[in-house]
Structures are given as C-alpha cells and as structure tokens.
Amino acid sequence: MSQITTLCPICKRPINKDEDMVACAVCGTKMHRRCVEEELLTDSAGEWLCPYDAVLAALDWVDAVLNQYAHALTPEQRDDIVERLKNYLKLLGEIPP
Ligand SMILES: [Zn+2]
Ligand SMILES: [Zn+2]
C-alpha cells in the first residue's frame, strides 16, 4: 500500500505525523513548525502563510500603496524602488546577478 507523503516546501523533507507542523491559511500547504519564522510567515491576524502566499500578500500591499501614492514619490525614491525591484528579480533568477 502506498502512503502519501507530505513534503515541507522549505526543507523539502517529509512531514511525519508526530512532527509539529503549521498550515498556510490560504492554500493549506503544510510546513514544519521548526522551518517557519513567525515574524516572516504570519499575516496581521497571526495566521500562517506559506512563503508563496506571504510574498503575494506583501506584493498586494505594495500594489495598494503604489496605486494610491505613486504620485507622492520623488524621482529619487522611484529610482530607489526600481533598484530594489531589480534585486528581487535577481533573487528569483529572472535576471542574471
Ligand atoms: Zn521543513
Ligand atoms: Zn499558501
């Protein structure tokens, strides 16, 4: 009989039944509690998020702020933000380092 093994997306190891785990409030992905950093992977309501949904939530916030306040940024601040966005693209392997 085959057994379905859940892999933790962070350490890529199986999550055994006796291990302490948390689940993403958005997609239900299970992660070892020892692998998640609370300050990074919880939302304002204290719910756990997987790394993907945590990034999406942060981008939604950026989106909302930019949509409302982009006009309030100076050209220097815009350049600064563009540079940081380029660093994210490097982290994601989208542009060479
Ligand atoms: Zn893990
Ligand atoms: Zn998720």
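1. Ground rules. This is a predicted model, where local features need pLDDT of at least 70, side-chain atom pairs count only at pLDDT 80 or more, and totals for chains, interfaces and linings use all residues. Residues are numbered from 1 along each chain as its sequence is written, while chains are lettered from A and ligands numbered from 1 in the order in which they are written.

2. Overall layout. You get 2 helices and 2 strands, running β-β-α-α along the sequence. With a radius of gyration of 18 Å, well over the 13 Å that the globule rule gives for 97 residues, the protein is more spread out than a compact globule. (That radius is taken over C-alpha atoms, and the rule is 2.2 Å times the number of residues to the power 0.38.) The C-alpha trace spans about 60 × 35 × 20 Å along its principal axes. As for the elements, helices (H or I, at least four residues) and strands (E, at least two) are DSSP runs, numbered from the N terminus.

3. Helix α1. This helix has 19 residues and reaches 27 Å from first C-alpha to last, close to the 27 Å expected at 1.5 Å a residue; the expected span is 1.5 Å times one less than the number of residues. It's hardly covered, with a buried count of 0 among its 19 residues.

4. The core. The largest nonpolar core has 6 residues: Cys 24, Met 31, Val 36, Trp 48, Leu 49 and Cys 50. Such a core is a set of buried Ala, Val, Leu, Ile, Met, Phe, Trp, Tyr and Cys residues joined through C-beta atoms within 7 Å.

5. Trp 48. This core member sits in the loop between β2 and α1. It counts as buried because it has 21 C-beta neighbours inside 10 Å. Leaving aside residues up to four places away in sequence, its contacts (C-beta atoms, placed from the backbone, within 7 Å) include Val 22, Cys 24, Val 36 and Leu 41.

6. Leu 41. You'll find Leu 41 in the loop between β2 (30-32) and α1 (51-69). Its 19 C-beta neighbours inside 10 Å are why it counts as partly exposed. Not counting residues up to four places away, Leu 41 touches Val 36, Trp 48, Leu 49, Pro 51 and Ala 54.

Definitions and conventions:
Buried ≥ 20, exposed ≤ 12 C-beta atoms within 10 Å, placed from the backbone. Contact = placed C-beta atoms within 7 Å.
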